[in-house]
Amino acid sequence: MRSILKFLQRTTMLLAAVVLCAACQSLPAVETLSWEPVTLPTEASPLDVDFISDDHGWLVGSESTLLETFDGGKSWEPRSLELGDSEYRLTSISFSGDEGWIAGEPALLLHTTDGGKSWSKIGLSAKLPGIPKVITALGRDSVEMATDQGAIYESNDGAQHWDAKVIESVGITRNIRRSPGGQYVAVSERGNYYSIWQPGMRAWEPYNRNDSRKLQRMGFDTNNQLWMLSRGGQIQLSEGTPFGGEEEWSEPIRPNSGGIGLLDLAYRTPNELWASGGSGTLLRSTDNGETWEQDVTVDNIPSSLFKVIFVSPERGFITGQSGVLLRYIGGNSQAA
C-alpha cells in the first residue's frame, strides 16, 4: 500500500509539473546542460550544504540526515549522529577549516573540530528566543547563530558563552538570511514586512513591503545588495544602499508569464542568477535580471526546488523535496 501511495504521489507531482511548465514555454531554453541530478541514499529532504575543501563536503536535511562527500558532491554517504530516539530537521551547516557547526530543530546545535569525524551536542538555554536557524562558522572557536525569531548570538570560546548582538528578537520569521558581510534580512511570518540588521546595530530595522504581494523570501547578491521574491513569481532587486535608509527597488520582474511561484534565488556571479520554484521550475538570468531563460533539463524532476546554494561560483547545489538534489556542472556533464 505504501509503495502504491508513493507512486500515485510522484505521478501527481509529475503531472502538475507538466501542466505548470506550459506557462514557461514562452521563455527561451538554456542551451547548455548546467545541472545534473544526484542520487542520495535517502528520501529525506536535503536542506543545506557546505564544503571543507574542493572535494570534501557535508549535507544536512530532514529526518536527522547527515551526508558526506569526497568527490565534490557527485556521490554522498550517510553518517550517523548520536541523537537518541529524537528526530531532527537539520537546517544549517557551516565550516571554517576542520571546525564545523550544525543547527536544527527542535532546538539543536552540534559542533565538530575534526572535520566531521565526531560531533558533540552543545547545550542551549531553554530561554533561547526561537529555534537555531542559521549557523555561521567565523574561525577557530568562533561562531554566530541566528534563530527563527531573529535573535543573534556570537561565541568566541567554542559556544561556552554567548554574546547577544540584538536587544530583542524580531518575531517569528518565514525566512532569515545572512550575507557574507555579516548583515541579515528577515521576512515576517505572514510576509507583510521585512527587517534588516548589520553589525553594530542593537535592534532590527523594519520595512513595509512595497506592493500588495506578500513577501516570499529575501537574500543578498554577491555585493551584499538585497533581492526580494514575492508571491506569484515576482522578483525585485535593490538599486540603492541596502542599509543606508529606505531601499530603492527595481521595477517588478516577472519571468514566468503564468505566475508560477518562485521559492528561492541565488547569484552565481555578480550578473548571473538562478531562481527556483514549484514543480521543478528553474530559471537563469545572465544580465542581472534583464532577460531570463528556462532550464528545461530539469523538467522531468517532479519536485519543488526549495533552495539554491552556491558554495563558490563553480560549486552549486539545488535542494528539493524527498531526496532531490541537483549539482551545478557549468555546462559540462563531466565537470568536477
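I began at one residue pair, and noted that L273 stands opposite S285 in β23. Strand β22, residues 273–277, and strand β23, residues 282–285, pair in the antiparallel sense over four bridges, where I take two strands as paired if DSSP finds at least two bridges between them. I kept in mind that this is a predicted model, in which local features need pLDDT of at least 70, side-chain atom pairs count only at pLDDT 80 or more, and totals for chains, interfaces and linings use all residues. Residues are numbered from 1 along each chain as its sequence is written, and side-chain values use heavy atoms, with hydrogens and water left out.

Of the 336 residues, 53% count as buried, that is, under 20% relative accessible area with a 1.4 Å probe and protein chains only.

Next I looked up the largest pocket, which holds about 1,500 Å³ of space. Among its 48 lining residues, D48, R177, K307, V308 and I309 are the closest to its centre. I used a 1 Å grid over the protein atoms alone: a pocket is an open set of points with protein on both sides within 12 Å along at least five of seven lines, a cavity is a set where a 1.4 Å probe fits but cannot get out, and lining residues have an atom within 4 Å of a point. Grid points are joined across faces, edges and corners, and a volume is the space filled by probe spheres set on the points.

Strands that each supply at least two residues of this pocket's lining include β2 (46–51), β14 (173–178) and β21 (262–267), while β25 gives the largest share, seven residues. By class, I listed 22 nonpolar, 14 polar and 12 charged residues in the pocket lining, with Ala, Val, Leu, Ile, Met, Phe, Trp, Tyr, Cys and Pro as nonpolar, Asp, Glu, Lys and Arg as charged, and the others, Gly among them, as polar.

Last, I found one cavity of 30 Å³ or more. Residues lining the largest cavity include V170, A186 and Y193, and β15 contributes the largest share, three residues. That lining divides into five nonpolar, four polar and no charged residues.

How values were computed:
Buried means under 20% relative accessible area, exposed over 50%, partly exposed in between (1.4 Å probe, protein chains only).
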